[in-house]
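Okay, I'll keep this short.

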Amino acid sequence: MTRPLEEPERSLTKKFRRQVWLQIFFPIASGIFILGLLVGSLSLNQIGSASGWADASLTMMIIPLLGLGLILLVVLIALSYIVARLVGYLPTPMSRIHGRIKMIDHSTRRLAHVISRPFMYASAAKAAIAAVFRGVASIFERRY
């Protein structure tokens, strides 16, 4: 029985070290470098106020979020395009789904109407009683 060749330890391979450098250390180092440039420019221009530092740090925090937001926007656009294409290819299943959605919509509206009816009647009765009292009070009101 032969033993399989042992794989070299991953941390020692040149490819793995390069991958670690590109995916971990390079972004950290570039972020620190950019932060250093911001600190240096703020110090040289004598804009060392708290507001300036806050603006610089806020900019550093927002940049990755903007990138993530753009990626999510592209994914959302792609999903919308795929759904639009599927609607064209699947008219029969989509019409069944549309019919079920319309049925659910009708049931929901009917239930909402039934639930809100007592509140509407109470509000209408209160408004009617207030209008009657205002009408009676206006009879006895003094006019100049």
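The expected span is 1.5 Å times one less than the number of residues, and helices here are DSSP runs of H or I, at least four residues, numbered from the N terminus.

Bear in mind this is a predicted model, where local features need pLDDT of at least 70, side-chain atom pairs need 80 or more, and totals for chains, interfaces and linings use all residues. Residues are numbered from 1 along each chain as its sequence is written, and side-chain values use heavy atoms, leaving out hydrogens and water.

Back to α3: there's a kink of about 40° at Ser116, shortly before Pro118. That's the angle between axes fitted to the seven residues ending there and the seven starting there. Helix α1, residues 14-44, bends by about 40° too, at Phe25, with Pro27 following within four residues. After α1 comes Gln46, with a positive phi near 55°.

Now, rings. Which way do Trp21 and Phe25 pair up? Their ring centres are 6.4 Å apart and their planes are at 40°, so the pair is tilted. The rule: Phe, Tyr and Trp rings (six-membered ring for Trp) pair with centres within 6.5 Å; planes under 30 degrees apart are stacked, over 60 edge-to-face, the rest tilted. That gives one aromatic pair. Both residues sit in α1, four residues apart, about one turn of the helix.

How values were computed:
Helices (H or I, at least four residues) and strands (E, at least two) are DSSP runs, numbered from the N terminus.
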